[in-house]
Amino acid sequence: MTSPPPFLAQHLPLDKATASRPHITVTWAQSLDSKIAGVGGKRVILSGSESMLMTHWMRTMHDAIMIGINTLILDDPRLQINLLPASPNLRPPQPLILDPHLRFPPSARLLTEYLTKPSQRSISLHQPWIICSDQVSHFKIRALEGSGARIIPVKVDESGRIPPSSLPTVLGELGLRSVMIEGGSKVLSQFLSCKDKREDGSPLVDSVVVTVAPTFIGDGVGVVPEGEDKGLPPLRTLHTETMGKDAVMVCAIDI
Ligand SMILES: NC(=O)c1ccc[n+]([C@@H]2O[C@H](COP(=O)([O-])OP(=O)(O)OC[C@H]3O[C@@H](n4cnc5c(N)ncnc54)[C@H](OP(=O)(O)O)[C@@H]3O)[C@@H](O)[C@H]2O)c1
């Protein structure tokens with residue numbers, strides 16, 4: 001595959017995205033029993049080589065990629081596009097970490113690899129941007145900024161959460177036209193179940209892309225945390241593609 005799979009361009013209207021109306025894609029890989037990780041959050045490779053490659057193409061199509069802090073701590077992901085052919089026209093998306101209390105460890109690969117001298121890296125990397133609560137102490141912010149990350153304090157609600165509905169404004173202020181939310185479970189469920197609409201009446205989440213792997217995990221982390229499966233919206237399937245052993249579904253929220 002030397003270019004993005006055509007169904008992605010066809011069903012993700014990313015060319016229409018602007019900073020004033022950013023596109024939000026929610027995406028994950030799951031087992032047949034709806035698990036995204038093993039017991040205690042143990043990382044499980046679910047995607048086969050074809051769907052993993054598709055995910056890397058999808059990353060290049062978005063300005064940013066967002067994960068929750070638990071995923072960063074448990075998986076230490078690189079959020080890279082290293083499966084794609086090297087090209088100056090292909091850049092990885094801007095990493096955004098949802099981390100209200102600034103638990104981000106400075107030893108995270110996202111940061112240490114970014115700080116590696118450009119001449120020692122084969123690809124250009126972005127500085128990790130961490131979205132935290134505006135209630136976090138300046139001391140904590142300065143310490144993590146000193147480690148090399150960019151910290152973006154944003155308003156939180158009474159439960160200390162960053163309301164999912166504020167993401168389009170946050171993205172717009174950062175000049176980002178699109179984001180791909182890659183997990184984990186708490187982040188996925190909050191964005192999927194957000195009932196607040198955009199100013200134009202559309203749902204907060206524009207696209208849902210799910211890779212289903214033909215495997216069972218048993219005990220583990222569900223797509224949605226147990227007990228939080230209320231209020232999930234109905235989805236409309238726009239396209240299903242077989243990619244190697246996996247099925248990839250592109251859906252929209254049906255309102
Ligand atoms: N298969 C896949 O596609 C896939 C992809 C990614 C991750 N995963 C798996 O998912 C698991 C982690 O999932 P998880 O549910 O434990 O964690 P998570 O969703 O990665 O992170 C949750 C944490 O992020 C912060 N957060 C989330 N929503 C927030 C909001 N609205 N405002 C402020 N902070 C918010 C909170 O941090 P605080 O606790 O500090 O408040 C929360 O505890 C890992 O096992 C990983 O392997 C699987």
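Predicted model: local features only at pLDDT ≥ 70, side-chain atom pairs only at ≥ 80, totals over all residues.

Me: Which strands stand at the edges of the open sheet?
Reply: The sheet has 9 strands with mixed pairing, in the order E6-E5-E4-E3-E7-E1-E8-E11-E10. An edge strand has a single partner strand, so one of its sides is left without a neighbour in the sheet. The strands in that position are E6 (150–154) and E10 (235–243).

Me: What is the average twist from one strand to the next?
Reply: The sheet is open and runs from E6 through to E10 in the order of its strands. From one strand to the next, the twist averages 25 degrees.

Me: Which residue of E7 is the bridge partner of Ile 65?
Reply: Strand E3 covers residues 64–68 and strand E7 covers residues 178–181. The two run parallel and are joined by 3 bridges. In E7, the partner of Ile 65 is Met 180.

Me: At about what angle does helix H7 run to E1?
Reply: H7 (residues 185–193) lies across E1 (23–30), E3, E4 (94–98), E7, E8 (207–212) and E11 (246–253). Its direction relative to E1 is about 135 degrees.

Me: How far apart are the end C-alpha atoms of H2?
Reply: H2 has 13 residues, and at 1.5 Å a residue they should span 18 Å. The distance in the model agrees with that expectation. The end C-alpha atoms are apart by 19 Å.

Me: Is His 56 buried or exposed, and at what relative accessible area?
Reply: His 56 sits in helix H2 (residues 49–61). Buried residues of H2 include Leu 53, Met 54, Trp 57 and Met 58, and His 56 is listed with them. Buried means under 20% relative accessible area. His 56 is therefore buried, at 5%.

Me: Which residue has its backbone nitrogen 3.3 Å from a polar atom of the His 56 side chain?
Reply: Leaving out residues up to four places away in sequence, His 56 touches Gln 80, Ile 81, Asn 82, Leu 83 and Leu 84. The backbone nitrogen at 3.3 Å from a polar side-chain atom of His 56 belongs to Leu 83.

Me: What is the sequence separation of the parts tied together by Asp 206 and Arg 21?
Reply: These two residues form a salt bridge, with the closest N and O atoms 3.0 Å apart. Asp 206 lies in the loop between H7 and E8, and Arg 21 in the loop between H1 (6–11) and E1, so the pair ties together parts separated in sequence by 185 residues.

Me: Which residues are joined with Arg 21 into one network of salt bridges?
Reply: The structure holds 9 salt bridges. Arg 21 counts as partly exposed, at 25% relative accessibility. Through salt bridges that share partners, Arg 21 is joined into one network with Arg 198, Asp 200 and Asp 206.

Me: What is the N to O distance in the salt bridge of Asp 63 and Arg 177?
Reply: Asp 63 is in the loop between H2 and E3, and Arg 177 is in the loop between H6 (167–173) and E7, 114 residues apart. Arg 177 is partly exposed, with a relative accessible area of 42%. The N to O distance in their salt bridge is 2.9 Å.

Me: Which helix holds Arg 109, the salt-bridge partner of Asp 76?
Reply: The side chains of Asp 76 and Arg 109 meet at 3.8 Å, N to O. Asp 76 lies in the loop between H3 (69–75) and E4, 33 residues apart in sequence from its partner. Arg 109 belongs to helix H4.

Me: What is phi of Leu 79?
Reply: Leu 79 is found in the loop between H3 and E4 and counts as buried, at 5% relative accessibility. Its phi is positive although the residue is not a glycine, with a value near 55 degrees.

Definitions and conventions
Residues numbered from 1 in each chain as written. Heavy atoms only, no water. Pairing = 2+ DSSP bridges. Helix = DSSP H or I, 4+ residues; strand = E, 2+ residues; numbered from the N terminus. Axes fitted to C-alpha atoms, helices over the stretch in contact; angles between N-to-C directions. Contact = heavy atoms within 4.5 Å. Buried < 20%, exposed > 50% of the residue type's maximum accessible area, 1.4 Å probe, protein only. Polar contact = N/O pair within 3.5 Å; in protein donor to acceptor, adjacent residues only side chain to side chain. Expected span 1.5 Å × (residues − 1). Salt bridge = Lys/Arg side-chain N within 4 Å of Asp/Glu carboxyl O.
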